[in-house]
Structures are given as structure tokens and as C-alpha cells.
Amino acid sequence: MALFSAAGLSLLASGAFAQTYYVEPTSDGFLNLRSGRGTGHSIITTLYADDAVTFPEQRGNRLRVRLPDGEVGWSAEKYLYTYINLDGTV
């Protein structure tokens with residue numbers, strides 16, 4: 001059985017930067033992955049609920065993420081989550 005956690009919790013402090021994260025469902029039904037931190041940057045692609053990304057870098061509340069095809073972009077931390085097992089492992 002697994003629980004899920006926002007990306008900003010203890011996993012970031014533990015160095016789990018290659019961990020897989022998933023897109024949260026949003027009110028718009030999609031999440032724009034951008035070329036830089038913030039909405040002023042161009043949209044690279046659109047992600048949907050439960051799309052998987054890996055997360056190699058964080059700056060403030062923005063995460064630089066990598067898609068399975070290798071493409072890299074930025075997302076707000078609050079739109080990503082990961083599963084944590086009840087024993088604390090990911």
C-alpha cells in the first residue's frame with residue numbers, strides 16, 4: 001500500500017533527485033511544461049494527470065523535470081507528486 005506526497009517534502013532533503021514524479025490532476029485538465037521558471041516562458045509541451053517525469057533540480061517552488069523522451073522543462077512544484085510506501089521508502 002502506498003501514500004502520496006507533494007514533491008517538496010522530505011524526499012527533496014534526502015537527495016532523491018532521480019525519483020519519478022507524477023502530474024497532479026488540475027482544474028484545466030493539463031499542465032504546461034515551460035522553457036524556464038514561471039509563466040512568462042514559452043510552453044514546451046503539455047502534460048496530463050499521472051504523466052511521469054523525473055526531477056533533477058529545484059529552484060524555489062519550481063522544478064526542472066525530465067520527460068521519458070529526454071525533454072527538459074520547468075513546472076511548479078505543487079503540480080507534482082510521488083508515491084511513498086508506508087515504510088517510508090519510495
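I start with a term. On a 1 Å grid over the protein atoms alone, a pocket is an open set of points where a 1.4 Å probe fits, with protein on both sides within 12 Å along at least five of seven lines, and lining residues have an atom within 4 Å of a point. This is a predicted model, in which local features need pLDDT of at least 70 and side-chain atom pairs count only at pLDDT 80 or more, while totals for chains, interfaces and linings use all residues. Residues are numbered from 1 along each chain as its sequence is written, and side-chain values use heavy atoms, with hydrogens and water left out.

Now the largest pocket. Its lining is made up of 16 residues, and L31, N32, R34, T39 and Y79 lie nearest the centre. The space in it is about 280 Å³, where volume means the space filled by probe spheres set on the grid points, joined across faces, edges and corners. Strand 3 (31-34) and strand 7 (72-76) each give the lining at least two residues; strands here are DSSP runs of E, at least two residues, and helices runs of H or I, at least four, numbered from the N terminus. By class, the lining holds 5 nonpolar, 7 polar and 4 charged residues. Nonpolar is Ala, Val, Leu, Ile, Met, Phe, Trp, Tyr, Cys and Pro, charged is Asp, Glu, Lys and Arg, and polar is the others, Gly among them.

Next, the chain. There are 1 helix and 8 strands, in the order β-α-β-β-β-β-β-β-β from the N terminus. Mean pLDDT, the predictor's confidence in each residue from 0 to 100, is 81, and 76% of the residues reach 70 or more. Over residues 1-17 pLDDT stays under 50, and the model has 39 contacts for them beyond four places in sequence, a contact being heavy atoms within 4.5 Å.

Which residues does S75 touch, leaving out those up to four places away in sequence? They are L31, L33, N61, R62, L63 and L80. S75 is in strand 7 and is buried, at a relative accessible area of 2%. Buried means under 20%, exposed over 50%, and partly exposed in between, with a 1.4 Å probe and protein chains only. Of the 90 residues of the protein, 32% are buried.

Last, D50, in the loop between strand 4 (43-47) and strand 5 (52-59). D50 is partly exposed, at 47%, and its phi is near 75°, a positive value in a residue other than glycine. Most residues other than glycine have a negative phi.
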